[in-house]
Amino acid sequence: MAAEIQPKPQTRTPVLLNKIESSQDVVNTAVIIPKEDGVISVSDDRTIRIWLKRDSGQYWPSIYHTMPASCSCMSFNPETRRLSVGMENGTISVSDNFCSLHSSMGVTYTFLLTHQGKVTVVLFVLEMEWVLSTGQDKNLTWHCSESGTQLGLYRTIAWVSGLQFDVETRHAFVGDHSGQVTILKLEQDSCSLVTTFKGHTGNVTALCWDPAQRVLFSGSSDHSIIMWDIGGRKGTAIELQGHNDKVQGLCYAPHTRQLISCSSDGGIVIWNMDVTRQETPEWLDSDSCQKCEQPFFWNFKQMWDSKKIGLRQHHCRKCGQAVCGKCSAKRSTIPLMGFEFEVRVCDNCHESITDEDRAPTATFHDSKHSIVYMHYEPTTGWLLTSGADKVVKVRQTRPDTLYLIQEDTFMQSIFLGAYMCMKESVFLYSLCLCVCQQLWDMTPVVS
């Protein structure tokens, strides 16, 4: 059945707003501070830094703290300003109301000894007052953030590199280096295994949970992304193939219904998730080509009977049939199946794919540095990436917001001009105010 054509995704390139280049070491995690025009970063050099934007337009370190060990991960809650930092020595530092962002005094830390090795992920859950963490010791632990008491522990089969939590159901989503995603039901002092997913051939490197759509995204070192439909309860798994290297980060933009992914080669892909996507078919097994019936090279009996040399087996990415190279010589993109790059298809499927079916559902962008971590702030549409080059970059992904920023700057210039005219002439001052009113009325409001 032909797929229904949906609206095309946004194609505008994310605009680079600023760069932070003063870090002494690789920034392992960095987050945008909402409404503060600032960035918090943690690094291998044992430092926590708060970068605030100055009048010059550049970010400068306003607060600087040195921790007992290298900082490997971080979780920041903007409502309570609670900062949880995981370190190489297995300790988590929890600080309440992490400064007023204008002073480095008065910060108190609570240290939790949670793991025997490096802390890989830390997550603060405000509604539960829990601090969830995973480490290279293959343990998932959750502590009470107020008392520091350990509430529970779960042993994973491999060390964890991805962790998400759903407050409504108390489900923890755990992605590990075996390629498996585990769903756990956490209680105050115990947990139970719900189910496991296995779809990646490489390590799970990133997880992203959308509580509204009840969808889990997982990224892997096998360059792929899988969308697991948890809420649909049908076991649907949609693959997204658009990266040439290990997927390093996943963020979901609910306002535009877009998935943002990045890879270690610097690639950023913005996926339009407001389309009806299709599952990729399972690959069929056969001893001969399911198109021309030529034997494959392990089918000795048919090779002997037909006096023909066996052929190598391939699979059509659209129908899943086992085919030979001659019957699958053509290539095509299949965006609604997640194949944004050209892949092998059989001759029959190639003829059935129309130009509309090949319409891309993702846009590709180059961050120009090897990405280590990515963070998206939905209220502003800002996208932050930290790289192996010790540089943090902030981009604007929503052109409507950028337009309002430009409009706001323009309006400020007009008002400044009106103030200057007031000193020279009352008439010019009144004229500028009239122009400002007209421009204000014409400015579109973006929800």
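The legends below describe several close-up views of one predicted protein model.

Residue numbers start from 1 along each chain as its sequence is written, and side-chain values rest on heavy atoms, with hydrogens and water left out. Because the model is predicted, local features need pLDDT of at least 70 and side-chain atom pairs count only at pLDDT 80 or more, whereas totals for chains, interfaces and linings use all residues.

**Figure 1**
Helices (H or I, at least four residues) and strands (E, at least two) are DSSP runs numbered from the N terminus. The chain has 447 residues, of which 51% count as buried. Here buried means under 20% relative accessible area, exposed means over 50%, and partly exposed lies in between, using a 1.4 Å probe and protein chains only. Of the contacts between residues at least 6 apart in sequence, 44% join residues at least 24 apart; a contact requires heavy atoms within 4.5 Å.

**Figure 2. The open sheet S2-S3-S4-S5.**
Four strands lie in the order S2-S3-S4-S5, with antiparallel pairing. Strands count as paired if DSSP finds at least two bridges between them. Strand S2 (27-33) and strand S5 (59-66) are at the edges with a single partner strand each, so one side of each has no neighbour in the sheet. From one strand to the next, the twist averages 20 degrees; axes are lines fitted to C-alpha atoms, for helices over the stretch in contact, and angles run from 0 to 180 degrees between N-to-C directions. Inside this sheet, strand S3 (residues 38-43) and strand S4 (residues 47-53) are joined in the antiparallel sense by five bridges. Serine 41 has arginine 49 in S4 as its bridge partner.

**Figure 3. The open sheet S10-S11-S12-S13.**
This sheet also has four strands, ordered S10-S11-S12-S13 and paired antiparallel. Its edge strands are strand S10 (119-125) and strand S13 (150-155), each of which pairs on one side only. The twist from one strand to the next averages 15 degrees. Six bridges hold the antiparallel pair of S10 and strand S11 (residues 130-135); valine 121 has threonine 134 in S11 as its bridge partner. In a regular strand the side chains alternate between the two faces of the sheet.

**Figure 4. The largest nonpolar core, with 17 residues.**
A nonpolar core is a set of buried Ala, Val, Leu, Ile, Met, Phe, Trp, Tyr and Cys residues joined through side-chain atoms within 4.5 Å. The residues with the most contacts inside this core are Trp130, Leu132, Trp142, Leu163, Phe165 and Leu186. At least two core residues come from each of S10, S11, strand S12 (139-144), strand S14 (160-166), S15 and S16.

**Figure 5**
Six of the seven residues of strand S16 (residues 180-186) are buried. Strand S15 (residues 171-176) runs antiparallel to S16 and is joined to it by five bridges, with histidine 171 standing opposite lysine 185 in S16. Three residues lie between S15 and S16 in their hairpin, and glycine 179 in the turn has a positive phi of about 90 degrees. A further hairpin connects S16 to S17 through four residues. S16 and strand S17 (residues 191-198) run antiparallel and share seven bridges; isoleucine 183 has threonine 195 in S17 as its bridge partner.

**Figure 6. Aspartate 210 and its surroundings.**
Aspartate 210 belongs to strand S18 (residues 204-210) and counts as buried at 5% relative accessibility. Apart from neighbours within four places in sequence, aspartate 210 contacts Val215 and Tyr252. The C-alpha atoms of aspartate 210 and alanine 253 are separated by 9.2 Å, although these residues are 43 residues apart along the chain.

**Figure 7. Histidine 314 and its surroundings.**
Histidine 314 lies in strand S25 (residues 314-315) and is buried, with a relative accessible area of 15%. Its side chain makes a polar contact of 3.5 Å with the side chain of arginine 344. A polar contact is a pair of N or O atoms within 3.5 Å; within protein, one must be able to donate a hydrogen and the other to accept it, and residues adjacent in sequence count only if both atoms are side-chain atoms. Beyond residues up to four places away in sequence, histidine 314 touches Gln321, Ala322, Val323, Cys324, Gly325, Ser328 and Arg344.
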